[in-house]
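This report describes one protein chain for a reader who is new to structural work. Please keep the sequence and the model in view while reading.

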Amino acid sequence: MVFPARADERHFLLVGLGSKADFDLEAFRQAAGEAARAVRKTLNRSAEISFAPWQGQTIDNADALAAAWVEGWLLGLYSFDRYRKRPSGPDPEWLHLGCDISGEEVLREVRVRAEATMLARDLVNEPAGRLNPTTFVEWIQARFGSYAVRINVYQGAELEAKQMRGLLAVGKGSMHSPALVEIAYESAEGEPFIALVGKGVTFDLGGMNVKIGKDISDARMDMGGAAAVLGAMDLLIRRQARRNVVALLAIAENVPDARAYLPSDIISYSNGMNVQVKNTDAEGRLVLADALLYSATFEPREIIDIATLTGNVGEALGLGIAGMWGDSDMTARLKAVGASSGDLVWPMPLLKDYETQLMSDYADIANWAPTPYGGAGLAALFLRRFVRDKVPWVHIDMANTVQVHNTRGYCPVGATGYGVRLLSDYILSGNRFSDQEPKLETMAK
C-alpha cells in the first residue's frame with residue numbers, strides 16, 4: 001500500500017509479508033518484486049528499505065535478507081518490451097538498503113543471478129519468428145563465444161554421423177536445420193562432469209499431430225528447458241564456479257510439411273533402440289533421447305535433463321511446482337535447493353509396471369501411450385531407456401512452470417526463467433559426488 005506525501009517529503013510503501021511463522025527468504029523475494037513495481041508506478045527514481053522489522057526475527061542475517069530483496073526487486077522489474085511502443089515505464093535507479101552487508105560481492109553475485117534468470121526469460125519470451133533453430137544457434141555462439149568454454153554445433157551430416165536420428169526426424173518439417181549444441185565448461189581439474197540436457201524446441205506445432213486452438217503462441221516456449229540450461233551456464237561461468245559442466249541442447253522446430261516425419265515412423269537410435277512414433281506431438285522425448293545418449297561421451301557422474309515435456313505434469317502438481325523423476329539422492333537435494341531458491345520441484349515415482357503402456361507391436365518401444373493418465377511419468381520412463389546404466393540421472397518436467405499468466409511476486413506475465421537458479425544452485429552446492437550407485441525412485445505397481 002502506497003502512502004503518498006507532499007512533494008518535499010518521503011512517500012511510504014507498506015508491504016505485507018503474512019504471518020511471522022511462514023516468513024522465509026522466498027516470501028521476502030516475492031514482496032520485493034511487488035514493491036519494485038509499486039515504486040515504478042509512482043515514478044519515483046529511488047527507494048529505501050528498512051530491514052529492522054525482520055532482523056532478529058525469523059532470519060537474522062543481513063546478507064541473506066539483502067540478497068533476497070535485491071533479487072526479487074530486479075526480477076520484479078523485468079519486462080519484455082522489445083516489441084512495444086509503450087514500455088512499462090522507467091525503473092527506479094537507486095535502491096538504498098537499510099542494513100550493513102559484508103561486502104559489495106554479495107550484491108554483485110545477486111545481480112549476476114538475476115541477469116541469468118532474465119536472460120532465460122528473454123529467450124523464452126522471444127517470438128518463434130525471431131528465435132528459430134538457426135538464430136538460436138547463432139545467439140548461443142555469440143553469447144558463449146567470448147567465454148572460456150568449448151562449443152560444438154552438430155547439424156546435418158554431423159547429426160547423421162552421430163546417429164542422432166530423433167533430432168533429424170523431429171526437425172524434418174522445418175526450413176531450419178535441427179542442431180545438437182554442446183557447451184563444455186571446465187574449471188576444476190580432475191572433477192567429473194555433470195551434464196545438463198535441455199529441450200530446445202523453438203516452436204512446437206505438434207508436427208503431423210498438429211495442435212489446435214484459438215491461440216497457440218505459447219508453443220514458442222517449448223525451448224524453456226534449453227533456456228534454463230543456458231541461463232545456469234551463464235551464471236556459473238560469470239561466477240567462475242569451480243565445476244566441470246557440459247550443456248547439451250537439443251534444438252529443433254516441430255512443424256508439419258511434405259517432408260515431416262509421420263506417425264508410424266520408426267526411429268533407430270545409436271544404442272540400438274528402435275522407437276515407433278505414435279504421436280508427433282510427443283517430440284521432446286525423441287530429441288532428448290539423442291542428447292542423453294551423447295552425454296555418455298563425457299562420462300558424467302550425474303545427468304539432469306530439463307524440459308517443457310508434458311501438460312500432464314501440471315494436472316498433477318498445478319502451475320507452481322515442477323515434477324522430477326530419477327535418482328533418489330539427487331531428487332532429495334534438488335528438492336531442498338528448489339525450496340531455497342524459489343524454483344520449486346517435487347519428486348515423483350517411476351512406476352516400472354507402467355512401461356508396458358509404451359510397448360509397440362512394430363518396434364522396441366513407442367514414444368506415446370494412448371492413456372490420459374500418468375503421461376509425465378511415462379515420458380520419464382521413456383527417457384530412462386537412453387541413460388547409461390548406473391549413472392545418476394534426474395528428469396525435470398517444467399512444462400507447468402515455464403510461464404505465469406498473471407503477474408505475481410517477482411514474476412511478471414510471461415516467461416519465469418524457471419530452472420536457472422535451481423540448476424546453478426544445485427551445482428554450486430557442496431560435494432555432490434559419491435561412489436554410490438544411483439537409487440532410482442522406481443517401484444512396482
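## A residue of helix 1

At a relative accessibility of 23%, Q30 counts as partly exposed, because that class lies between the limits of 20% for buried and 50% for exposed. The residue belongs to helix 1, which covers residues 25-42. As the model is a predicted one, every value in this report is computed from predicted positions.

Leaving aside residues within four places in sequence, Q30 is in contact with R408, G409 and Y410. L17 lies 13 residues away from Q30 in sequence, and the C-alpha atoms of these two residues are 9.0 Å apart.

## The chain as a whole

The protein chain contains 12 helices and 19 strands. Of its 445 residues, 55% are buried. The accessible surface amounts to about 19,600 Å², and carbon and sulfur atoms account for 50% of this area.

How much of the contact pattern joins residues 24 or more positions apart? Among contacts with a separation of 6 or more, such pairs make up 79%.

## Helix 7 and the residue after it

Helix 7 comprises 15 residues, 224-238. In general, an α-helix has 3.6 residues a turn, so residues three or four places apart point the same way.

Just after helix 7 comes Q240, with a positive phi of about 55°. Q240 is placed in the loop that runs between helix 7 and strand 8 (244-254). Is this residue buried or exposed? Q240 counts as exposed, because its relative accessibility is 63% and the class begins over 50%.

Most residues other than glycine have a negative phi. S264, which is not a glycine, has a positive phi near 95°. S264 is found in the loop between strand 8 and strand 9 (266-268). With a relative accessibility of 52%, S264 counts as exposed.

## Two buried residues

G207 is located in the loop between strand 7 and helix 7. Its relative accessibility is 2%, and therefore G207 counts as buried. Apart from residues up to four places away in sequence, G207 touches N254, V255, P256 and T280. The C-alpha atoms of G207 and E283 are separated by 8.3 Å, while the two residues stand 76 residues apart along the chain.

Q276 sits in strand 10, which consists of residues 274-276. This residue is also buried, since its relative accessible area is 9%. Beyond residues up to four places away in sequence, Q276 touches several others, including D265 and I266. Further contacts of Q276 include S360, D361, Y362 and A363.

## The largest pocket

What volume does the largest pocket hold? The space in it comes to about 910 Å³. Its lining consists of 34 residues, and those nearest its centre are K211, L309, T310, G311 and A399. By type, the lining residues divide into 13 nonpolar, 12 polar and nine charged.

Four elements each supply at least two residues of this lining: strand 7 (194-204), helix 8 (284-295), helix 9 (312-317) and helix 11 (375-384). Helix 9 provides the largest share, which is three residues.

## The largest cavity

A search of the whole structure finds one cavity of 30 Å³ or more. The largest cavity has a volume of about 40 Å³. Helix 3 (104-125) and helix 7 are the elements that give two or more residues to its lining. The largest share, three residues, comes from helix 7.

Which residues line the largest cavity? They are A120, V124, G224, A227, A228, M398, V402, A415, T416, G417 and Y418. Eight of the lining residues are nonpolar, three are polar and none is charged.

Methods: Residues numbered from 1 in each chain as written. Predicted model: local features only at pLDDT ≥ 70, side-chain atom pairs only at ≥ 80, totals over all residues. Heavy atoms only, no water. Expected span 1.5 Å × (residues − 1). 1 Å grid on protein atoms, 1.4 Å probe; cavity = no way out; pocket = protein on both sides within 12 Å on 5 of 7 lines; lining within 4 Å. Points joined across faces, edges and corners; volume = space filled by probe spheres on them. Nonpolar A, V, L, I, M, F, W, Y, C, P; charged D, E, K, R; others polar. Buried < 20%, exposed > 50% of the residue type's maximum accessible area, 1.4 Å probe, protein only. Contact = heavy atoms within 4.5 Å. Areas by Shrake-Rupley, 256 points an atom, 1.4 Å probe, with all protein chains shown as cover.
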